[in-house]
Amino acid sequence: MNDTRHDPRQQEVRVAVDDLERFMGEALTRAGADAASSAAVTRALVTASRMGTDSHGLRLLPHYIRALEGGRIKGAPEMHFTRRLPATGVLDAGDGFGHLAGYTAMAHAVEMAEAVGLGAVAVGHSSHFGAAGCYALAAAERGMIGLSFCNSDPFVLLHQGHSPFHGTNPIAFAAPVEGQSPYLLDMATSSVPWNRVQQYGAIGRELPDQVAADARGRVTRVPAEVAALLPLGGSDFGFKGAGLGGMVEVLSSTLSGMLNGFRLLPMGGPDMATPRGVGHFFLALNPAAFVDRATFAACLAEYLADLRAQPAVDGAEVLAPGDREWRCLARRDAEGIPLDSANQGAYATLAETLDVRPLRHLA
């Protein structure tokens, strides 16, 4: 029998969704976030954790608290939206939470899409916004096709490059599906997100092959050795991921007038007092501006039915983007959200230092 007494993954507990929401809201408020910021961060982090995107879920709360308390992020930002043309606008996020900026910008984009068919919003003076899919999903929940993009500080090698240049620069796409959960694609343009490396390191887990490199640019699977991520496509086909990362950079930093990711302050510090000036980009498309809604719904349903009906290799199943996440959400809503040993300690510390009632562990 294998001895798992020292495996951190065996020390996992589960917490209820509503209790996690309660804890996050109280912790953020105690640390100086206003009601809108607290609600937006909580919404995004809990959404990610419910869907199994653990690298961008509850584990980020301690980092955001440090950035808020250090002054990097303003807990009560003065955001300003300027509509420059009928379908375009710019949001100055006021150095607040990227989650509040993301939901606010997408709401403006959806409003324009309802009026003129599409809406695009560039966001500047923002910060890390968690999982990009949260904001694409917000558009789909209002009947729109949504896309969201964001730049970040350098974690990812260029193809055949030696040093990090692009951030993980995510791309998210969501579309409403009548009678079903939305189609949802949320991907980094690196092979994995940087937070995945940190997550695996915290629980003592080895990385997959062809996703990360050490300081000499050599592929490694040991989280402690990782100095950079490989672009999507790995060593042989990384020009694809690097190209997509560059596309996201242009949309996120250039259209918002912000520094490109290579010049951004590191997300992890040590400077937690200076705002980073992260850029985002959001696009909402109204299907009714192109085709009547009944036709759109029927065509998308037919496409997804055809996709899911395709034969799979032995022991596998063909899934549409989002299927795995919606299944995970249903399971975690029923059974609770897992909290590994590293996050149990982090949340216990937050409860003590911020005088917040600790999370209740489910049986």
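Predicted model: local features only at pLDDT ≥ 70, side-chain atom pairs only at ≥ 80, totals over all residues.
Helix H4 takes part in two of the packing arrangements described here, one with H5 and one with H2. In the pairing with H5, helix H4, which spans residues 98-116, and helix H5, which spans residues 133-140, have axes 9 Å apart and pack at an angle of about 30°. Because angles under 35 degrees count as roughly parallel, H4 is described as roughly parallel to H5. The crossing in which H4 passes H5 is right-handed. On the side of H4 the contact is formed by Gly98, His99, Gly102, Tyr103, Met106 and Val110, and on the side of H5 by Cys134, Tyr135, Ala136, Ala138 and Ala139. Sorted by class, the residues of this contact between H4 and H5 comprise eight nonpolar and three polar residues, with no charged residue.

The pairing of H4 with helix H2 (residues 35-50) has a packing angle of about 85°, and the axes of these two helices are 8 Å apart. Since angles of 65 to 115 degrees count as roughly perpendicular, H2 is assigned as roughly perpendicular to H4. Helix H2 contributes Ala36, Ser37, Ala40, Val41, Arg43, Ala44 and Leu45 to the contact, whereas H4 contributes His99, Leu100 and Tyr103. The contact of H2 with H4 contains seven nonpolar residues, two polar residues and one charged residue.

The contact of H1 with H10 is made up of nine nonpolar residues and one charged residue, with no polar residue.

The second largest pocket of the model was also examined, and its volume is about 400 Å³. Its lining consists of 21 residues, among which Glu12, Asp54, Gln199, Arg332 and Pro338 lie nearest the centre of the pocket. Two or more lining residues are given by each of helix H6 (194-202), helix H9 (323-335) and strand S13 (337-339). Of the elements lining this pocket, H6 gives the most, with three residues. By class, the lining of the second largest pocket divides into ten charged, six polar and five nonpolar residues.

Most residues other than glycine have a negative phi, and most peptide bonds are trans. The peptide bond that leads from glycine 269 to proline 270 is, however, cis, with an omega near 15°. Proline 270 is located in the loop that lies between helix H7 (234-254) and strand S12 (278-285). Histidine 125, a residue other than glycine, has a positive phi, with a value near 55°. Histidine 125 is part of strand S4, which covers residues 118-126.

How values were computed. Residues numbered from 1 in each chain as written. Heavy atoms only, no water. 1 Å grid on protein atoms, 1.4 Å probe; cavity = no way out; pocket = protein on both sides within 12 Å on 5 of 7 lines; lining within 4 Å. Points joined across faces, edges and corners; volume = space filled by probe spheres on them. Helix = DSSP H or I, 4+ residues; strand = E, 2+ residues; numbered from the N terminus. Nonpolar A, V, L, I, M, F, W, Y, C, P; charged D, E, K, R; others polar. Axes fitted to C-alpha atoms, helices over the stretch in contact; angles between N-to-C directions. Parallel < 35°, antiparallel > 145°, perpendicular 65-115°, else oblique. Left-handed = near helix turned anticlockwise from the far one by under 90°. Contact = heavy atoms within 4.5 Å.
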